[in-house]
Structure formats: structure tokens, C-alpha cells
Amino acid sequence: MCATHLRLNRADSAESAPQNTNLLGLDAVRAWAAVGVVVLHACVPYSNPDVPGLTWATTDTPHSALTSLMWAIEIVIMPIFLVMAGILAVRSMTSRGPLATLKSRTRRLGWPLFLSVVFLIPVDLYAWLLGWLADGVITPRQMRTLKFAEGQDEHLWGLSHLWFLQYLILYIAVLAGTWKWLQRIEPKTVFRIGLPLTFSVSAVVLCFHPEVVWGFQHTFLPVPAKWMYSGCAFAMGVLIARADADLSWLRQVAGRTFCPSALLCIAATVLGIWVLNQRPSDDVQYASAFPVVVSRVTWVSLALLTVAGATGVSLSLIGIACRRVNKIGPVTQRLATASFAIYLLHHPVLVLFHVAAKHGMPSASPLLKMSLGTIIAVLVPVGMHFVFRGMMARRASTVVSQGDQDAPSILTMPTTSEESASERRLAG
């Protein structure tokens, strides 16, 4: 359900410098969208109905407002990150070329993905199992042996929130492979044809596979429908950056489109929750995770509202931020700097808090638990990020100072007569 390559580093800023485009707006969006991802996950135990296909560590007291908040964020959060990723990928390839960008992005995304799969996914797994154990769903023996009852672990295995890194590497590879072809076509023509096309493809995908947004697919390999839907948002960012390098179009239309887009997002949220609450039926023939009794018109309406709300809100927020943000405050700057750490590390921290809050504060308000969970799951990764960065800075400083001590001084004078004679000859 979540999450993203969230990092705009110095290289990205440098690449955009020749285009005189202010990236502070993207930094601001990235910072607070990272917090939005944490809020989304913080709401999961209190949602009713549950997210189809998503197995969480624990469930707690349902809360209707948190359910609505969770789905509203879920609709827009990934399109925001994917559009920004597409914009930055185009900037990088324009400045450095497709091959250099592919190598750079693969290294920057691939290593965190590999290390997280090796070290973080097992931590995530046992945080989940600890919640199941506390709820009495599994026994200590099952937790130790990882052998469960039939169907009990159906949605347990996969990349969890790290799926975004995997998908993004593939999107950048596809863009690098088609870059020369894309450059031969007039940018505005590509934009006029491509933007409606990506919108249509997204809607068609959701008509047949609403679980792409209104559910979760937990796997180790990309899910074709999910990969295509997410790829359409990435493609929108690519099309916009190709046709409008300084994002002036987004800045102009953002203010006028935000309110209608927000209303569409609210309508999609209400309709989606209503659909999820309908009576299940085994007779409904849909290739999706939603065998519920609703008409085809309802499925199409939900798909159109979801795509329209997601597209409008994500583009509007990016455009408004690029137009209005001229200076970033210290809180936003720290969140932006540590946003990748928030993305990677918030999952197990938040899950452990959910388990502790359910059993340690059973009568507390779900709003209070969600708020505390969000704060803790943001502050812990931010603190770890800056502590680690400080340690690396001190280590680098120590290495430099040791190198300075070991290096010969420029004031050292020769001590042998041969060296003195040589220097006199060089001096003339």
C-alpha cells in the first residue's frame, strides 16, 4: 500500500539547475507525503472494513473517520510519488543520458532494496508474528517453525512496503530503453496523446482489478495489473516533464483544479467504502478480489472517480507546491532529508506500537493511538537517520585528519647534502 523512492538528492537538484526550476516545492511534497504514508499505515488496524488482501499484525477498535482518512490517502499517495519520480527521471536523463541515469538509479534503489530484503523484511515478518502471537492467532511453536494452518499465511509473504523500489527500477529501465524514441517525437504531441491515454489505461485496469487501489497484493514479483496502473502515474510525470520542463503548466492549473479534484477523491472514498461493505457472493464473475454484489456501472464509476481523484489531487499538490514554496522550514527540511529512512524503517516500528497500544492501552481512543503511532514511527527513523549521518560525518572527519597528519608537511626541509644541492640546481 505504500510507499516510495522518496529521495531528491544533490544530483537531482544539480540536474535541474540549467532549467531554472525550483525544486523546493517537490522537496516539501516529498517530506509531508512521507508522513502521509505513515498516517496511512497507522490507520490500518482501525479500518472497517479491512483492506482486502492485506494481513496486518493486529486489529483494534474500528473507527469510521480513520477508515475514510486511510482510503483517501491510499487513493492519492502513490500517484504523488510516482509522478515526481517520472519528472525527476526525465530531468536526469536529459542532463546525464539514459544509461548514466539507469546505472545511478539502479545503484541507489537496488542496494537499499537488497539490504532491506536481507535484513529488514525478517524484522517485519517477526513483528507481524509477534502481533499474531499476542492476539492468540498463532502459537509460539508456529512462530518458531514458521509453519501455519492452511490459508493462515496466504497474504504474509512478499516485499511488503518495499514493492515500490522494485517497480521504480523497472520503470526507469523501460524509460531508458525508450528514451531515444521518445526524444524523436514532438513533446507537446506526446503530452496531448499520452495524458488521456494513461488516464484511460488506469481506469480500465481498475475496472477489472480494483484491488490495485482498493486492496493489497503481497508478492515478491510485480503484479501485472498493479505494475501497469502504477506505471501510468510514472508515465504522467514523464509526459509532463517532457512537454513542460519548468512545470509552468502545473503551476498555472493547480489552483483551479485542486478543489474539484479533492471532491472527486472524497466521492471515490465514499463509494469505495460502500462497495467494500457490500454482501459477498461466490456467483459474481469478476477477476478481482471483490466478489461483491454490485453492478458493472458501479465498478466503472469507482474506477473513474478513483483515477480522476488520484490524478487531479497529485498533480494539483505538486503544482501548488512548486508555485508557492520558496523557502523550506527546518521541520520540513529534516523530514525531506530523512524521508527515505522514514519509508524504509517506519513499518516495523509502527507495527510494534500497534501491538503494544492494543494490549497496553485497550480503552484509549483510536484517534489517540493513531496519532501516537504516527509520531513515533516518524521520529524514530528520523532520529536514526541523523544519528547515522552524524556518525558517518565524524568518521569521515577522522579519516581526513589522520590523512593530514600522515602527509608530509610543505614546510619540511631536506636534511641531506644531496637534496640541498638538487634544490639549489632547481632554483637556478
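Which residues in α4 meet which residues in α6? In this predicted model, local features need pLDDT of at least 70 and side-chain atom pairs count only at pLDDT 80 or more, while totals for chains, interfaces and linings use all residues. Residues are numbered from 1 along each chain as its sequence is written, and side-chain values use heavy atoms, with hydrogens and water left out.

On the α4 side, P98, L102, R105, T106, L109, G110 and L113 make the contact (heavy atoms within 4.5 Å), and they meet L165, Q166, L168, I169, I172, A173, A176 and W179 in α6. By class, this contact has 11 nonpolar, three polar and one charged residues; Ala, Val, Leu, Ile, Met, Phe, Trp, Tyr, Cys and Pro count as nonpolar, Asp, Glu, Lys and Arg as charged, and the others, Gly among them, as polar.

Rings of Phe, Tyr and Trp (its six-membered ring) pair if their centres lie within 6.5 Å, and planes under 30 degrees apart count as stacked, over 60 as edge-to-face and the rest as tilted. W111 is exposed, with a relative accessible area of 53%, whereas F114 is partly exposed at 49%; buried means under 20%, exposed over 50% and partly exposed in between (1.4 Å probe, protein chains only).

Elsewhere, ring pairs join W163, F164, Y167, Y171, W227 and F234 into a cluster. F234 is also among the residues that L175 touches, together with A89, V90, M93, L182 and V238, leaving aside residues up to four places away in sequence.

Key:
Helix = DSSP H or I, 4+ residues; strand = E, 2+ residues; numbered from the N terminus.
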